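Hi,

Here is the structure I promised to pass on. Please open it first, then read my notes below.

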Amino acid sequence: MRDATHALIVIDVQNDFCPGGALAVAGGDEIIPRINALLADFQIRVLTQDWHPADHASFAANHAGAAPFSLTEMPYGPQVLWPVHCVQGTAGAAFHPRLATDPADLVIRKGFRAAIDSYSAFFENDHATPTGLDGYLRSRGATHLTLAGLATDFCVAYSAIDAARLGFSVTVLEGACRAIDLDGSLARARDDMRAAGVRLEA
Ligand code: VGL
Ligand code: ZN
């Protein structure tokens, strides 16, 4: 068992990011046994859940003529337009049925504001609006964070980089993550994580 300063953050292990889902990540469900084992090894355990309203601005379907996986410009910067995914209350937004959710101390939902996406578990994509996770982890006494989940190059990487900037010691277990890898996004995310001081482990 890790000591009480270590927290596990499990990012977005939801049906829509697993095979058969609306924004399926290849092999997304393969990481679940390892994540379940990790959940038993930490005293602070947080799950995140991508949780969008149907009119969310990150959905290509809400932009006339826009194709899924194309790029657009939002007031807060560039934004990939995604297939409709993780709509609040749908089966796609639910955690994968094999994920052991009972051990979680906290489930933090993100992306619930229609006008702004939120890849990171700490800040929305404007890099300014907090989710509250930083305060939760600090008040629990966490200083070291281990991240796993989906997808390596979007929500995991954004969360890891924000956590490092907030002063946490951060490790991403790449073997317990899977990537979307859109136009080189995985290689970029790995470089960006390393530059932010995130430790990448297998
Ligand atoms: C994610 C794209 C859109 C993720 C969430 O969990 O990595 N990616 N929404
Ligand atoms: Zn999303």
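Start with the zinc ion (ligand 2). Its site is irregular, with angles of 88 to 169 degrees among its 4 donor atoms. Donors are N, O and S atoms within 2.8 Å of the metal (3.2 Å for Na, K and Ca); water is not among the atoms, so sites may look incomplete. Four donors count as tetrahedral if all angles lie between 85 and 135 degrees; four count as square planar and six as octahedral if opposite donors are over 155 degrees apart and all others between 65 and 115; anything else is irregular.

This is a predicted model: local features need pLDDT of at least 70, side-chain atom pairs count only at pLDDT 80 or more, and totals for chains, interfaces and linings use all residues. Residues are numbered from 1 along each chain as written, chains are lettered from A and ligands numbered from 1 in written order, and side-chain values use heavy atoms, without hydrogens and water.

The protein donors are Asp50 (OD), His52 (NE2) and His85 (NE2), 2.0 to 2.1 Å from the zinc ion. Their spacing in sequence is D-x1-H-x32-H.

His52 is buried at 0% relative accessible area. His85 is buried too, at 3%. Buried means under 20%, exposed over 50%, partly exposed in between (1.4 Å probe, protein chains only).

Now look at Lys110. Lys110 is also buried, at 2% relative accessibility. Among the residues Lys110 touches are Asp12, Asp50 and Cys155, not counting residues up to four places away in sequence. Contact means heavy atoms within 4.5 Å.

Best wishes
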